[in-house]
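Biologist: Hi! Could you walk me through this model in plain words?

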Amino acid sequence: MRASTVTIADVALLADLSGALFWEEQRLLVVSDLHLEKGSSFAARGVLLPPYDTVATLGRLAAVIARHDPRMVIALGDSFHDRTAHERLADSNREALTALQARRDWIWISGNHDPALPSDLGGVVASEVAIGPIVFRHEPTGAFGEIAGHLHPKARVPTRGRTMERRCFASDGKRAVMPAFGAYTGGLSIRDAAFAKIFGTPGFMAHVLGDRKLHAIAASRCY
């Protein structure tokens, strides 16, 4: 059970255990907040992290692309951790990215970390994309039919006498906020006020990424 169905604005999508969304009718795969080259960005500031986040993130992305074979991929912004991160891509990672883009449409949504992506990355750059009733953008506004990223939702829930904290999709059936896909990305609790502004009330669901399946848990039960 690597995916479960989540309905947004009457559109059924598969929420993949990796943190991606797949719209089967459109053969469209959506990922958010890859934050490629976050490790090298931290290293430049003297915070040493193992320099393998880009390799790990692209590896996970390759796996979910192989699983669903999408016709189109949309990356919902903050695909790169800073404005010059694309310049630090190793040749091997750039080649891996080119291979993932082969024979499919690829759209980079600009984010607050990467507002001006260059044209030599392959694909096209857009501020947002609308397909049918769904609008894909980086920062959520709370609009009906919106699928966004930016906030890196996570949920903390009690289980078997201990606490589990995992990334999650946040959705009330009208809109959704996707989890961050990147290897070094942190998260923001879905009980944070930022989510209340989007959903209005805690009456939305956290689709929590478990070890083997997604768990649908009311946001009000999380802390």
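Modeller: Happy to; we can go through the core, the salt bridges and the pocket.

Modeller: This is a predicted model, where local features need pLDDT of at least 70 and side-chain atom pairs count only at pLDDT 80 or more, while totals for chains, interfaces and linings use all residues. Residues are numbered from 1 along each chain as its sequence is written, and side-chain values use heavy atoms, with hydrogens and water left out.

Biologist: Great. Which residues touch the most other members of the largest nonpolar core?

Modeller: I74, F136 and I147 do, in a core of 26 residues. A nonpolar core is a set of buried Ala, Val, Leu, Ile, Met, Phe, Trp, Tyr and Cys residues joined through side-chain atoms within 4.5 Å. Buried means under 20% relative accessible area, exposed over 50%, and partly exposed in between (1.4 Å probe, protein chains only).

Biologist: Is that the whole story, or what else is packed inside?

Modeller: There is a second, separate core of 22 residues, with L29, A85, L97 and F181 among them.

Biologist: Switching topic: how many salt bridges does the structure hold?

Modeller: Eleven. A salt bridge is a side-chain nitrogen of Lys or Arg within 4 Å of a carboxyl oxygen of Asp or Glu.

Biologist: What does R71 pair with?

Modeller: R71 bridges to D105, with the closest N and O atoms 3.6 Å apart. R71 sits in the loop between α2 (53-68) and β5, and D105 in strand β6, so the pair ties together parts that are 34 residues apart in sequence. Helices (H or I, at least four residues) and strands (E, at least two) are DSSP runs, numbered from the N terminus.

Biologist: Is R175 buried or exposed?

Modeller: R175 counts as buried, at 11% relative accessibility. Its salt-bridge partner D172 is partly exposed at 26%, and the two meet at 2.5 Å, N to O.

Biologist: Last one: which residues lie nearest the centre of the largest pocket?

Modeller: T159, R160, R162, M164 and H215, out of 13 lining residues. A pocket is an open set of points on a 1 Å grid over the protein atoms alone, where a 1.4 Å probe fits, with protein on both sides within 12 Å along at least five of seven lines; lining residues have an atom within 4 Å of a point.
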